[in-house]
Amino acid sequence: MFLDKVKKNQAAEVITVLPYANILEQGNNIVLELDMPGADKDTLDVNLQGNTLVVRGRNKREELPKEYQPLYIERRQVTYERHFELNTEIDRDGVKADFADGVLRISLPKARSAQPRKIEIRS
Amino acid sequence: MALVPFRGKDNWWMDPFSDLEKIQREMNRLFDFSLARFPMGENTLLGSQWAPAVDVHESKDNILIKADLPGLKKDEIGITIQDNHVILKGEKKQEQEVKEDNHYRSERFSGSFCRMIPLPTDVDADKVDAKYQDGVLTLTLAKKEESKPKQIKIDVK
């Protein structure tokens with residue numbers, strides 16, 4: 001039945017999705033938290049090109065033992081990808097990223113020039 | 001959902017199924033993906049703000065459930081087996097709301113979630129294996145002996 005064939009192909013197809021993100025400012029850092037459940041650590045890629053931060057990652061290929069038949073599938077094979085435009089000067093050497101429990105946390109320290117600096121008024 | 005024959009510019013009459021296939025595929029992709037983010041219906045209890053995407057697989061002896069639950073700690077997830085449903089619930093605590101923090105964007109789900117997953121057979125609640133890794137919860141449930149498919153021998157006299 002061709003519809004079954006379509007369903008099987010669809011389950012195997014890889015789609016590209018935007019991971020949900022929280023962007024917040026914590027002290028002197030801009031922090032991004034992205035939901036990337038099931039991502040394979042080896043495929044995670046965080047790239048800062050000019051003012052654009054590019055985040056990429058790929059699902060772990062789940063190989064279930066042969067005896068299992070799928071009954072109901074909502075999770076897909078995905079490639080996570082998202083671009084962020086930064087409008088603050090960043091200290092590029094201080095960017096840190098870590099991945100735990102399916103969440104990628106990137107912390108970008110603001111450059112000294114972007115920090116508010118009090119200007120003394122000469123009297 | 002009924003499929004409507006598509007009379008497009010292409011030579012659909014050459015391969016009458018390819019366009020239907022395409023529409024079906026695109027609609028499925030739209031619905032599958034959006035349902036995965038908000039699987040509502042009888043499976044979600046009122047009051048929960050979101051529900052995880054879930055896969056259910058079955059073998060002769062076991063039922064395997066995988067759920068996408070990023071950013072939770074083990075003690076924030078509650079797993080209950082009731083009648084022949086698995087109930088996944090929990091509370092994703094708001095990450096400490098420090099007052100000086102400026103939140104520019106807040107897309108990630110937070111708050112409580114609850115999802116009831118119907119099982120095809122009864123399972124043995126004492127033999128459940130739960131693993132939480134990289135934001136994915138994997139549950140392996142052993143089917144009750146009487147629920148396993150049994151080959152019945154035919155006596156030919």
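Figure 1. Strands here are DSSP runs of E with at least two residues, helices are runs of H or I with at least four residues, and both are numbered from the N terminus; two strands pair if DSSP finds at least two bridges between them. Strands of a sheet pair through backbone hydrogen bonds, either parallel or antiparallel. Residues are numbered from 1 along each chain as its sequence is written, and chains are lettered from A and ligands numbered from 1 in the order in which they are written. As the model is predicted, local features need pLDDT of at least 70 and side-chain atom pairs count only at pLDDT 80 or more, while totals for chains, interfaces and linings use all residues.

**Figure 2. Strand pairing around B:E58.** Strand β6 (residues 69–73) of chain A is joined to β1(B) by four bridges, and the two run antiparallel. Within this pairing, A:Q69 stands opposite B:E58. β1(B) also pairs with β2(B), in the antiparallel sense and over five bridges. There, B:I63 of β2(B) is the bridge partner of B:E58.

**Figure 3. The contact between chains A and B.** Chain B contributes 39 residues to the contact and chain A contributes 32 residues; two residues are in contact if their C-beta atoms, placed from the backbone, lie within 7 Å. On the side of chain B that touches chain A, at least two residues each come from α1 (16–37), β1 (54–58), β2 (62–68) and β5 (102–106) of chain B. The largest share of that side, nine residues, is supplied by α1(B). Sorted by class, the side of chain B that touches chain A holds 15 nonpolar, nine polar and 15 charged residues. In this classification Ala, Val, Leu, Ile, Met, Phe, Trp, Tyr, Cys and Pro count as nonpolar, Asp, Glu, Lys and Arg as charged, and the others, Gly among them, as polar. For the complex, the predictor gives an ipTM of 0.79 and a pTM of 0.72.

**Figure 4. The nonpolar cores.** The largest nonpolar core has 17 residues, and those with the most contacts inside it are B:V54, B:I63, B:I65, B:A67 and B:I117. Such a core is a set of buried Ala, Val, Leu, Ile, Met, Phe, Trp, Tyr and Cys residues joined through C-beta atoms within 7 Å. A residue is buried if 20 or more other C-beta atoms lie within 10 Å of its own, exposed if 12 or fewer, and partly exposed in between, with C-beta atoms placed from the backbone. Two or more residues of this core come from each of β1, β2, β4 (85–92) and β8 (136–143) of chain B. Beyond its neighbours within four places in sequence, B:I63 is in contact with B:V56, B:E58, B:L119, B:V123, B:L141 and B:K143. A second, separate core has 14 residues, including A:A21, A:M36, A:V78 and A:L104. In soluble globular proteins, nonpolar side chains tend to be buried together.

**Figure 5. The surroundings of B:L72.** B:L72 lies in the loop between β2 and β3 (77–82) of chain B. This residue counts as buried because 21 other C-beta atoms are within 10 Å. Its contacts, leaving aside neighbours within four places in sequence, are A:D101, B:I77, B:G90 and B:K92. B:S112 is 40 residues from B:L72 along the chain, and their C-alpha atoms are separated by 11 Å.

**Figure 6. The four-stranded sheet of chain A.** An open sheet with mixed pairing has the strand order β1-β7-β5-β4 (chain A). Its edge strands, β1 (14–17) and β4 (45–49) of chain A, each pair on one side only. The twist averages 15° from one strand to the next. Seven bridges link β5 (residues 52–58) to β7 (residues 77–85) of chain A in an antiparallel arrangement, in which A:V55 stands opposite A:R82 of β7(A).

**Figure 7. Confidence along chain B.** Chain B has a mean pLDDT of 76, with 66% of its residues reaching 70 or more; pLDDT is the predictor's confidence in each residue, from 0 to 100. Among the elements of chain B, the mean is lowest for α1(B) (60) and highest for β2(B) (94). Over residues 32–43 of chain B, pLDDT stays under 50, and the model has 15 contacts beyond four places in sequence for them. Where pLDDT is low, the predicted coordinates should not be read in detail.

Technical notes: Axes fitted to C-alpha atoms, helices over the stretch in contact; angles between N-to-C directions.
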